[in-house]
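Let's take a friendly walk through this protein, looking at its surface, its pockets and its charged pairs. Have the viewer open as you read.

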Amino acid sequence: MKRELILASQSPRRRELLERCHVPFRVEVADIDEVLNPDIPLEAAMEELAWRKAHTVFEKHPEAVVIGADTIVVLKRQILGKPKDVEEAKAMLTRLSGKTHQVMTGVCLLSADQRVCFCDVSDVEFYPVTAEEIDAYVATGEPLDKAGAYGIQGEGFFLAKKITGDFYSIMGFPVARVLRALKKFDF
């Protein structure tokens, strides 16, 4: 009998992407402090955060396979999280305009006998964006719950000039890599 698969994330995008894989799962949100460990490299800190999310849920369900994940946007070694308000969203988008930044998604799959953690990194180059374009985009409300103040899969599609890496990782869940990792857990 297959073990239960639990996604330890409240992200609707992760849920939607995992649903597309036709793998049965349920969602249980990990209630943790999402502060990154400043004493280790950023990629390792993202893996560690994903592990903490997975482990928190795994402790309640040790018979399951649990997936934890988190995504950040990084510009010149500075993390751009979710903006706290409209003004911060506009400031982030202004900073990203015409520049290349990284999107890092840490993932951890955890069971009683295995642990697979990785950090998927993609580069995203933005077109130069005018203040009017930023204002119009922010007015949609989309940037307010997204790391870096944009959703590449939504209204923010017009921002990206070039992507190097996994589009789905930029959305917050590197689906192909997760599916390959799930094979190690007999899914």
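A nonpolar patch is made of residues with over 30% relative accessible area and no salt bridge, with nonpolar side chains joined within 5 Å. In this predicted model, Ile-163, Phe-167 and Tyr-168 make a patch of that kind, with an area of about 240 Å².

Ile-163 belongs to strand 7, residues 160-164. Its relative accessibility is 33%, so Ile-163 counts as partly exposed.

## The largest pocket

If you are looking for open space, the largest pocket holds about 610 Å³. Its lining comprises 31 residues, and those nearest the centre are Arg-14, Asp-70, Thr-71, Lys-82 and Ala-147. By class, 15 lining residues are nonpolar, eight are polar and eight are charged.

Strand 3 provides the largest share, with four residues.

## The second largest pocket

The second largest pocket has a volume of about 190 Å³. You can find it by selecting Leu-42, Glu-43, Val-74, Arg-77, Ile-79, Gln-102 and Met-104, which line it. Helix 2 and strand 5 (100-110) each supply at least two of the lining residues. The lining is made up of four nonpolar, one polar and two charged residues.

## Charged pairs

Side chains of opposite charge can pair when their charged atoms come close. The structure has 13 salt bridges. One of them joins Lys-60 and Glu-28, at 3.6 Å from N to O. Lys-60 sits in the loop between helix 2 and strand 3, and Glu-28 in the loop between strand 2 (26-27) and helix 2, so this pair ties together parts 32 residues apart in sequence. Lys-60 is exposed, at 52% relative accessible area, whereas Glu-28 is buried, at 16%. Both residues also take part in a salt-bridge network with Glu-4 and Arg-26.

Asp-70, one of the residues nearest the centre of the largest pocket, forms a salt bridge with Lys-53, with the closest N and O atoms 2.6 Å apart. This pair links strand 3, which holds Asp-70, to helix 2, which holds Lys-53, across 17 residues. Asp-70 is buried at 10% relative accessible area, and Lys-53 is buried at 5%.

Finally, Arg-177 and Asp-120 meet through their side chains at 3.2 Å, N to O. Arg-177 lies in helix 6 (residues 175-183) and Asp-120 in strand 6 (residues 115-126), so parts 57 residues apart in sequence are tied together. Arg-177 is partly exposed at 38%, while Asp-120 is buried at 12%.

Notes
Residues numbered from 1 in each chain as written. Predicted model: local features only at pLDDT ≥ 70, side-chain atom pairs only at ≥ 80, totals over all residues. Heavy atoms only, no water. 1 Å grid on protein atoms, 1.4 Å probe; cavity = no way out; pocket = protein on both sides within 12 Å on 5 of 7 lines; lining within 4 Å. Points joined across faces, edges and corners; volume = space filled by probe spheres on them. Nonpolar A, V, L, I, M, F, W, Y, C, P; charged D, E, K, R; others polar. Patch = residues over 30% accessible without salt bridge, like charges linked within 9 Å, V, L, I, M, F, W, Y side chains within 5 Å. Areas by Shrake-Rupley, 256 points an atom, 1.4 Å probe, with all protein chains shown as cover. Salt bridge = Lys/Arg side-chain N within 4 Å of Asp/Glu carboxyl O. Buried < 20%, exposed > 50% of the residue type's maximum accessible area, 1.4 Å probe, protein only.
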